[in-house]
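The following note sets out numbered remarks on the model displayed below. Please read each point alongside the coordinates.

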Amino acid sequence: EPVPAPQPEPQSSLAVHTSGMQLEESYNEYSTTNVQVKGVDEPDFLKTDGKYVYIVYDNRLVITDAYPAQDAKIVFKTALDVEPQNLQNMFLNEDRLVIFYYGTSQEEIIPEFGFEPRSQSRQTTHAEIIDISDRTNPKILRDYEIDGSFYNARMIEDYVYLITTSYVDYRYPAVPMITEDDGLTLIPDVYYFDGFDRNYNFNTVTAIDVFGDTLNSETFLMGGTGTIYVSEDSLYLTYSQDLPYAYFDSIKRDRFFDVIVPLLPEAAQIKIRNIQDDSSIVLHEKWTLMSDILQDTYNQLDKNNRQKLFSTINEKLYEYDTKLQEESRKTIIHKISLDQKNLEYSAKGSVPGSLLNQFSMDEYDGKFRIATTNEYYSHVKGNVRYSAVYTLDENLKTVGGLDKIAPNESIFSARFMGDRLYLVTFERIDPFFVIDLSENTPKILGELKIPGFSNYLHPYDDDHII
């Protein structure tokens with residue numbers, strides 16, 4: 001029975017243990033990482049080329065000669081120069097491994113209007129490219145250190161697209177940068193957008209050539225990245241809209257003047273608007289005067305007319321608040337075009353509701369499709385919840401949608417397959433929906449109730465799904 005090779009002491013980042021085994025050119029078919037989009041690889045802790053199995057765990061890299069199975073043996077095992085909790089995952093591309101792990105960088109800063117330098121640390125992500133053409137003697141080729149925490153990555157052909165995020169330090173703002181051992185490599189351009197979020201992150205997308213020294217990167221100042229979807233041509237960064245506190249303060253004022261005031265008697269409307277337009281009255285005194293007008297107006301009404309007015313106001317406020325909550329609970333979508341090292345920001349869009357995971361999104365025939373669950377509170381109906389699916393064009397403009405799917409239920413799994421969406425919602429029993437997406441406006445073709453719940457759907461062929 002094969003005995004694992006003893007682990008030697010690290011020599012720089014990789015320790016070497018030789019055994020002389022080389023990769024054969026032909027072997028049986030083998031499975032690869034389960035990915036959402038064909039041609040878009042996803043990182044994992046285990047990769048295989050059909051003969052060798054590559055595993056990263058704790059702080060170790062292990063290469064096993066696994067085929068034929070009866071002769072399997074470890075040909076390389078080492079401790080990486082990284083803390084066990086910091087190791088992320090990796091890609092395999094022919095005779096290259098790309099391993100990701102966390103690190104930290106230190107820099108000296110002088111606080112604003114201070115004089116003494118102080119040390120400041122920032123979290124970074126390492127993308128280490130390793131040559132494994134000799135499986136018994138891997139060699140580190142490049143070690144890129146990108147500011148920010150590892151969020152996710154994809155690989156298309158020979159390019160890795162790495163997404164890192166870092167919180168904006170408003171006291172000592174510093175834009176992300178990319179370095180190697182020999183110094184600074186790149187400071188990405190930073191882009192920002194119209195609109196406001198409560199908190200901002202630097203979201204950096206870096207394109208890395210696995211077989212060369214080509215590198216490109218761009219940083220986007222926006223809300224924290226939530227879920228990504230990557231096709232062969234585009235990267236979609238999404239997150240739930242998080243409106244600033246000032247937005248909700250302005251809403252109270254808007255709903256008063258847009259909904260309540262127009263329903264009051266005309267004389268009261270004129271008095272209130274005159275007060276609002278009078279710049280000589282300080283802000284806190286304006287409401288005192290307006291509330292007095294409201295009280296006087298109500299005192300002049302008999303009980304029935306007052307109740308009728310209150311009922312009408314509550315009805316209009318419910319309609320206003322419902323629409324407002326639906327519009328404020330949105331998923332923001334940013335689209336970035338990918339072409340090897342070229343990164344080009346393409347479009348921004350939004351849809352009501354929130355995402356479950358990456359399988360709730362898809363790109364097909366130039367259209368972007370997305371399934372969400374919308375949930376909000378109504379003082380009339382209580383908690384309101386429903387699912388929806390939307391079709392967006394290449395500019396992320398909504399061109400069709402189907403909402404109010406499975407009221408009071410949430411999406412538990414979704415899978416797009418061509419012009420079909422398979423959707424499972426759940427509250428007590430699982431409805432399994434088949435939704436036609438061949439036109440811009442989706443439509444439900446059928447549903448099947450299944451006991452229990454499903455949180456993953458997998459295509460088997462054109463006619464079956466697991």
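1. Strand β6 is mostly covered, with 10 of its 14 residues buried. Strands here are DSSP runs of E of at least two residues and helices are runs of H or I of at least four, both numbered from the N terminus. Buried means under 20% relative accessible area, exposed means over 50%, and partly exposed lies in between, with a 1.4 Å probe and protein chains only.

2. Two conventions apply throughout. This is a predicted model, in which local features need pLDDT of at least 70 and side-chain atom pairs count only at pLDDT 80 or more, while totals for chains, interfaces and linings use all residues. Residues are numbered from 1 along each chain as its sequence is written, and side-chain values use heavy atoms, with hydrogens and water left out.

3. On one side, strand β5 (residues 87-93) is joined to β6 by five bridges, and the two run antiparallel. Two strands are taken to pair if DSSP finds at least two bridges between them. Leu-87 has Tyr-101 as its bridge partner in β6. The hairpin of β5 and β6 has two residues between the strands, and Glu-94 takes a positive phi near 50° there.

4. Strand β6 also pairs with β7 in the antiparallel sense, over 14 bridges. Ser-105 lies in β6 (residues 96-109) and stands opposite Arg-122 in β7. With a relative accessible area of 18%, Ser-105 is buried. Leaving aside residues up to four places away in sequence, Ser-105 touches Gln-120, Ser-121, Arg-122, Thr-124, Glu-145 and Asp-147, where a contact means heavy atoms within 4.5 Å.

5. How many salt bridges does the structure hold? There are 15, each defined as a side-chain nitrogen of Lys or Arg within 4 Å of a carboxyl oxygen of Asp or Glu. One of them joins Asp-41 to Lys-47, with the closest N and O atoms 3.3 Å apart. Asp-41 is buried at a relative accessible area of 18%, and Lys-47 also counts as buried, at 5%.

6. Arg-135 and Asp-49 meet through their side chains in a further salt bridge, at 3.4 Å from N to O. This pair links distant parts of the chain, 86 residues apart: Arg-135 belongs to the loop between β7 (118-131) and β8 (139-147), and Asp-49 to the loop between β1 (46-48) and β2 (52-57). Both Arg-135 and Asp-49 are buried.

7. A salt bridge also connects Asp-436 with Arg-420, the closest N and O atoms being 3.2 Å apart. Here too the pair links distant parts of the chain, with Asp-436 in strand β26 and Arg-420 in strand β25, 16 residues apart. Elsewhere, salt bridges that share partners join Lys-51, Asp-65 and Lys-73 into one network.

8. Strands β25 and β26 belong to an open sheet of four strands, in the order β24-β25-β26-β27 with antiparallel pairing. Its edge strands, β24 (410-417) and β27 (443-450), each pair on one side only. On average, neighbouring strands of this sheet are turned by 20° against each other, direction ignored. The axes behind this angle are lines fitted to C-alpha atoms, for helices over the stretch in contact, and angles run from 0 to 180 degrees between N-to-C directions. Five bridges join β25 (residues 420-426) to β26 (residues 430-436), and Tyr-422 has Val-434 as its bridge partner in β26.

9. For the chain as a whole, the secondary structure comes to four helices and 29 strands. Its radius of gyration is 29 Å, well over the 23 Å that the globule rule gives for 466 residues, so the chain is more spread out than a compact globule. That radius is taken over C-alpha atoms, and the rule is 2.2 Å times the number of residues to the power 0.38. Along the principal axes, the C-alpha atoms fill a box of roughly 100 × 70 × 35 Å.

10. Of the 466 residues, 47% count as buried. Among contacts in the chain with a separation of 6 or more, 54% come from residues 24 or more positions apart. The chain exposes about 24,700 Å², of which carbon and sulfur atoms supply 48%; accessible areas come from the Shrake-Rupley method with a 1.4 Å probe, and for residues only the protein chains shown count as cover.
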